[in-house]
Amino acid sequence: MENNGSKLSQDEIDALLKGGSNDDIEPDTVLSAMEQDAIGEIGNISFGSSATALSTLLNQKVEITTPTVTVIQKSMLNEEFPHPYVAIEVNYTEGFSASNLLVVQQTDAAVIADLMMGGDGTNADPSLSEIHLSAVQEAMNQMMGSAATSMSTVFNKKIDISPPRVELLDVKEGEGTDRIPAEEMLVKVSFRLKIGELIDSNIMQLYPITFAKDLIAELTDPAQEEEPVQEEVSAPEPQPAAPQTQSAPAQQAAPPKRQAKPKPAAPVNVTPVEFESFSEPQHTTNQLGNLDMLMDIPLSITVELGRTQRSVKEVLELSAGSIIELDKLAGEPVDILVNKRIVAKGEVVVIDENFGVRVTDILSQSERLSNLK
């Protein structure tokens, strides 16, 4: 039976379903080599970004290799998945209308859950509790969210998914099989998953053959892209005369605008700038008015008897009764500082058993300005 890349007819599907085993279905019969490559490339791009997201979550090196695409029958899933697995159902809410199933071995899911909960993944309990399943769900949510973002870039449209639902999957016991897509023909995209030295296994994606065909058509069919282009080109065609009649006046109006450009230069009069004169009385009056606003500001006045420098060793050797020699002689005027700036000199006096200072000299304005530098 040949397939030219179009969707299968009902007779072809019935003929395929008459086979009693999984071996009766050849991938080339349902999907051509080109279609398999397209599905693999989509999975490779989307899950490549998922590996980065999972690596950040688990703080482990994560590798997801190029996928292998096969076609299986739903009735033969017990042979495809002989061991207990964890199934993560993901539904597309925007961009596509379909659902797919992500299948991970239960032991691998236990390692992922242990890493998500702060463990090292070496002694993960394979019997997953509700909290462990929630941890796996969050990891898969990040993975599939990143995959949807990459698919949006591939298909050049917004693609979004619903929060994934996680359940244990045991095909032999019939547990969790209600999450498997209802269609009989399924595409299985199998990736090799490596997480550090903890996991070297497979992670599989299941979705209907019809969804695979939709992905391929969206990716390879250029007809959908040409239609809006034709509409945009045909829109201005009914009005060919309007642009011509409008463009001619525009070209005629251009020369007057160019001739009018030098006209504003003629009436320009250049005059020297006149500044207001600032006389001494006005300056003094304004200065006094400004100083009135500063009269209530408190200032710190300090009287400095003298200074000296000592090493750390000499300072540590000080004790009660030690004498420190200053750099000023007895009877020499002391410095009067306002906000740590010298403004005057004076002599120390005693007033009612309190020390005081009598101002003997006030620094000139030039000296005060030099102390501010």
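Predicted model: local features only at pLDDT ≥ 70, side-chain atom pairs only at ≥ 80, totals over all residues.
At what angle do helix 6 and helix 7 pack, and how far apart are their axes? The angle between helix 6 and helix 7, which covers residues 209-220, is about 45°, and their axes are 10 Å apart. The two helices are therefore oblique to each other. On the side of helix 6, Met151, Val154 and Phe155 take part in the contact, and they meet Leu215, Glu218 and Leu219 of helix 7. Sorted by class, this contact has 5 nonpolar residues, no polar ones and 1 charged one.

The chain has 373 residues, and 32% of them count as buried. Its secondary structure comes to 12 helices and 12 strands. The accessible surface is about 24,300 Å², and carbon and sulfur atoms account for 52% of that surface. Consider also the contacts between residues at least 6 apart in sequence: 60% of these join residues at least 24 apart.

Let us return to helix 6 and turn to another of its partners, helix 3. Helix 3 spans residues 33-58 and helix 6 spans residues 130-155; their axes come within 8 Å and cross at roughly 140°. That angle makes helix 3 oblique to helix 6. Their crossing is right-handed. Which residues of helix 3 meet helix 6? They are Ile42, Ile45, Ser46, Phe47, Ser49, Ser50, Ala53, Leu54 and Leu57. Facing them in helix 6 is a list that includes Glu138, Ala139, Gln142, Met143, Ser146, Ala147 and Ser150, as well as Met151, Val154 and Phe155. The residues of this contact divide into 13 nonpolar, 6 polar and 1 charged.

Please note Met151, Val154 and Phe155 in particular. These residues of helix 6 meet helix 3, and they also meet helix 7. An α-helix has 3.6 residues a turn, so residues three or four places apart point the same way.

The next partner is helix 5. The axes of helix 5 and helix 6 come within 8 Å, and they cross at roughly 90°. That makes helix 5 roughly perpendicular to helix 6. Helix 5 contributes Ala109, Ile112, Ala113 and Met116 to the contact, while helix 6 contributes His132, Ala135, Val136, Glu138, Ala139 and Met140. In this contact there are 8 nonpolar residues, 1 polar and 1 charged.

Is helix 5 itself mostly covered or mostly open? Helix 5, residues 106-116, is mostly covered, with 9 of its 11 residues buried. Among the buried ones are Ala109, Ile112 and Ala113, and these three also belong to the contact with helix 6. The buried residues of helix 5 include Gln106, Asp108 and Asp114 as well. After helix 5 comes Gly118, whose phi is positive, near 95°.

That brings me to the backbone. Most residues other than glycine have a negative phi, and most peptide bonds are trans. Which residues that are not glycine have a positive phi here? Asn59 is one of them, with a phi of about 55°, and Asn156 is another, with a phi of about 60°. Asn59 sits in the loop between helix 3 and strand 1, residues 62-64. Asn156 sits in the loop between helix 6 and strand 5, residues 160-161. Asn59 is exposed, because its relative accessible area is 67%. Asn156 likewise counts as exposed, at 70% relative accessibility.

I shall finish with two further exposed positions. Thr149 belongs to helix 6. Its relative accessibility is 52%, and exposed means over 50%, so Thr149 counts as exposed. Between Thr149 and Ile161 there are 12 residues of separation in sequence, and the C-alpha to C-alpha distance is 9.8 Å. The other position is Leu329, in the loop between helix 11, residues 312-316, and strand 10, residues 334-338. Leu329 counts as exposed because its relative accessibility is 69%. Leu329 and Gly306 are 23 residues apart in sequence, yet 9.0 Å apart in space from C-alpha to C-alpha.

To review helix 6 and its partners: helix 7 packs against it at about 45°, helix 3 crosses it at roughly 140°, and helix 5 crosses it at roughly 90°. Thank you for your attention.

Definitions and conventions
Residues numbered from 1 in each chain as written. Heavy atoms only, no water. Axes fitted to C-alpha atoms, helices over the stretch in contact; angles between N-to-C directions. Helix = DSSP H or I, 4+ residues; strand = E, 2+ residues; numbered from the N terminus. Parallel < 35°, antiparallel > 145°, perpendicular 65-115°, else oblique. Left-handed = near helix turned anticlockwise from the far one by under 90°. Contact = heavy atoms within 4.5 Å. Nonpolar A, V, L, I, M, F, W, Y, C, P; charged D, E, K, R; others polar. Buried < 20%, exposed > 50% of the residue type's maximum accessible area, 1.4 Å probe, protein only. Areas by Shrake-Rupley, 256 points an atom, 1.4 Å probe, with all protein chains shown as cover.
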